[in-house]
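Take a moment with the chain below. Follow it from one end to the other, then read on.

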Amino acid sequence: MAHVLHLPQIDLSALLAESNPQINLGIEAYETSTRNFLKVVSSYKSQTISLIADRRNQQVAEKKKINERVQVIETETNKCKLRELELMDELEREKEERKDAELAVTGFKRQLASLQEKCTEITAEIDQYQTIVANLQREKDKERSTLNAYALRANPDLAACEKHLSCVFEGIEKDQLLIRFYYLNHLEPDQECSLVLDVSSTVYKVITSSPNIPAMPIFVEMANKTQNIFIFILQVHNAFHTLFQG
């Protein structure tokens, strides 16, 4: 509660009647009151300044926090924007890749359809070839049976020819017949004479002859005219024999 200074009542008539009039103005009390007031004002000022400083510091700290938060938010926002751009680019790439993939799938489907069509054609060709092979196999088996029958009939004649002419017939390469003659040189009974005859067609050809017979072209020409292979072999045998007789 504030202290109230009460001034004394002054009787001017009585005061003037005194020989040495004096008035007590209460200077000391006033000064004391003034000092107390100034102390209160100074204390209030200090408290106010301190409070203002504290509030200012709080505001500065709060502002700093807000600025830091704003910077964090701006940084996060920029990151989000960059990520958004990256995602948009990635989305565009995925769209392009998907488009390319769809085009590739379409191309593969066309290729698959073409391959399936070719497979169908090839399967038909295989079936056709299998039919042809089966027919050829039947014909081959028939020819083999015929040849075996001919061989059975020719074997006695062939054996007689080999025995009579001292020769051996041997198949070597395809459609080639090796004929070897023995006992033609009485000085060297083990010496062998031979020739390789091409029988791939009705036109006979002598591929090799050891030793060489000068009249061989004449024998071949006659064999092709007469188609008598046994006469040809006999002529060759006699020609080899003549070479060693001198």
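Helices and strands here are DSSP runs, numbered from the N terminus: a helix has at least four residues, a strand at least two. With that rule, the protein chain has four helices and four strands. Keep in mind that this is a predicted model. Along the sequence, the elements follow the pattern α-α-β-β-β-β-α-α.

Now look at the chain as a whole. It has 246 residues, and 13% of them count as buried. The accessible surface comes to about 20400 Å². Carbon and sulfur atoms own 57% of that surface. What about contacts along the chain? Take those between residues at least 6 apart in sequence: 29% of them join residues at least 24 apart.

Start with helix α2, which covers residues 27-165. V41 sits in this helix. Together with F37 and L38, V41 forms a nonpolar patch on the surface. The three share about 290 Å² of accessible area. V41 itself is partly exposed, with a relative accessible area of 39%.

R83 pairs with E86, and their closest N and O atoms are 3.3 Å apart. These two residues are three apart in the helix, about one turn. R83 is partly exposed at 44% relative accessibility, and E86 is partly exposed at 43%. The other bridge joins E102 and R98, with the closest N and O atoms 3.4 Å apart. They are four residues apart in α2, so about one helical turn separates them. E102 is partly exposed at 45%, while R98 is exposed at 59%. The structure holds four salt bridges.

L165 also lies in α2. Is L165 buried or exposed? Its relative accessibility is 4%, so L165 counts as buried. Leaving out residues up to four places away in sequence, L165 touches F181, I233, L234 and H237. L165 and H237 are 72 residues apart in sequence, yet their C-alpha atoms are 6.9 Å apart in space.

F181 leads us to the largest nonpolar core, which has 21 residues. Which members touch the most others? They are F181, F232 and V236. The elements giving two or more residues to this core are β1 (167-171), β2 (176-181), β3, α3 and α4. The largest share, six residues, comes from α4. Now zoom in on V236. Beyond its neighbours within four places in sequence, V236 contacts F181, L195, I213, M216 and F219.

M216 and F219 bring us to helix α3, residues 216-226. Its buried residues are M216, F219, V220 and A223. Seen down the axis of α3, these buried residues fall within an arc of 95°, so they line one face of the helix. What covers them includes β3 (193-198), β4 (205-210) and α4 (229-245). On the other side of α3, P217, I218 and K225 are exposed.

K225 has a partner. It forms a salt bridge with E221, the closest N and O atoms being 3.6 Å apart. The two are four residues apart in α3, so about one helical turn lies between them. K225 is exposed at 66% relative accessibility, and E221 is partly exposed at 47%. After α3 comes Q227, whose phi is positive, near 60°.

Technical notes. Residues are numbered from 1 along each chain as its sequence is written. This is a predicted model: local features need pLDDT of at least 70, side-chain atom pairs count only at pLDDT 80 or more; totals for chains, interfaces and linings use all residues. Side-chain values use heavy atoms; hydrogens and water are left out. Buried means under 20% relative accessible area, exposed over 50%, partly exposed in between (1.4 Å probe, protein chains only). The arc is that of the directions from the helix axis to the C-beta atoms. Contact means heavy atoms within 4.5 Å. A nonpolar core is a set of buried Ala, Val, Leu, Ile, Met, Phe, Trp, Tyr and Cys residues joined through side-chain atoms within 4.5 Å. Patches are made of residues with over 30% relative accessible area and no salt bridge: like charges are joined within 9 Å, nonpolar side chains (Val, Leu, Ile, Met, Phe, Trp, Tyr) within 5 Å. Accessible areas come from the Shrake-Rupley method with a 1.4 Å probe; for residues, only the protein chains shown count as cover. A salt bridge is a side-chain nitrogen of Lys or Arg within 4 Å of a carboxyl oxygen of Asp or Glu.
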